[in-house]
Amino acid sequence: MNDNQKPAGQKPIGQKPTEKACPICGRPALEEAKPFCSKRCADVDLSRWLGGVYRIESPDRPDAEEADERE
């Protein structure tokens, strides 16, 4: 086992896990990166939002409404 791998159930020193799991990888979330387990998982989530993988659907089209108001 190399330095990057930790036995199951072992937490990094100085970091407290929270009760919820990381939404990206499922490991216990840490207070320092809540709701994620690490900065890497937080960056993965941000990349998914910025890339359009996640989106919030809306029945309204605000761009169309604004164009109608201008005319």
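In this predicted model, Gly-52, which comes just after helix H1, takes a positive phi of about 85 degrees. Most residues other than glycine have a negative phi, and most peptide bonds are trans. Helix H1 itself covers residues 39-50, a run of 12 residues. From its first C-alpha to its last it reaches 16 Å, close to the 16 Å expected at 1.5 Å a residue.

The cysteines may be considered next. A disulfide is a covalent bond between the sulfur atoms of two cysteines. A search of the whole structure finds 0 disulfides, where the criterion is a pair of cysteine sulfur atoms within 2.5 Å. For Cys-25, the closest cysteine sulfur is that of Cys-37, and because the two sulfurs are 3.5 Å apart, they are too far for a bond. The closest cysteine sulfur to that of Cys-41 also lies in Cys-37, at 3.7 Å, and this is too far for a bond as well.

The protein chain as a whole comprises 2 helices and 2 strands, arranged along the sequence in the pattern β-β-α-α. Of its 71 residues, 13% are buried. Its accessible surface comes to about 6,400 Å², and carbon and sulfur atoms account for 50% of this area.

Terms used: Residues numbered from 1 in each chain as written. Predicted model: local features only at pLDDT ≥ 70, side-chain atom pairs only at ≥ 80, totals over all residues. Heavy atoms only, no water. Helix = DSSP H or I, 4+ residues; strand = E, 2+ residues; numbered from the N terminus. Expected span 1.5 Å × (residues − 1). Buried < 20%, exposed > 50% of the residue type's maximum accessible area, 1.4 Å probe, protein only. Areas by Shrake-Rupley, 256 points an atom, 1.4 Å probe, with all protein chains shown as cover.
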